[in-house]
Amino acid sequence: MVVLDHYTLGYITFALMSLSMLSGAFIFLSKRRETWVKVHIVLSILAYLFMVWTIWIVR
């Protein structure tokens, strides 16, 4: 069973932020910009939600 403590949520948040930065770079490097813009938006929103959730648990 996976326990979502603040350590696990922190690692998930860090991974999502890293992936959103990578997808932001692919917006400029790829010819399929529309796809990467959508991926970037989804990853950024997920990273923000996990960050808020992590802060909520720590406080």
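Guide: Start with Ser 23. Leaving aside neighbours within four places in sequence, Ser 23 is in contact (heavy atoms within 4.5 Å) with Trp 36, Val 39, His 40 and Leu 43. This is a predicted model, in which local features need pLDDT of at least 70, side-chain atom pairs count only at pLDDT 80 or more, and totals for chains, interfaces and linings use all residues. Residues are numbered from 1 along each chain as its sequence is written, and side-chain values use heavy atoms, with hydrogens and water left out.

Ser 23 sits in helix 1. Helices here are DSSP runs of H or I with at least four residues, strands are E runs of at least two, and both are numbered from the N terminus. Ser 23 counts as buried because its relative accessible area is 2%. The cut-offs are under 20% for buried, over 50% for exposed, and partly exposed in between, with a 1.4 Å probe and protein chains only.

Now cross to Leu 43, one of the partners of Ser 23. Leu 43 belongs to helix 2. At 16% relative accessible area, Leu 43 is buried too. Beyond four places in sequence, its contacts are Leu 16, Leu 19, Ser 20 and Ser 23. Lys 31 is twelve residues from Leu 43 in sequence, and their C-alpha atoms are 19 Å apart.

Val 52 is also a helix 2 residue. It is partly exposed, because its relative accessibility is 37%. Helix 1 (6–29) and helix 2 (33–58) each give two or more residues to the patch. Helix 2 gives the most, with ten.

Step back to the whole chain. It has two helices and zero strands. Of its contacts with a separation of 6 or more, 62% link residues 24 or more positions apart. Of its 59 residues, 19% are buried. The accessible surface (Shrake-Rupley method, 1.4 Å probe; for residues, only the protein chains shown count as cover) is about 4,900 Å², with 74% from carbon and sulfur atoms. Along the principal axes, the C-alpha atoms fill a box of roughly 40 × 20 × 15 Å.
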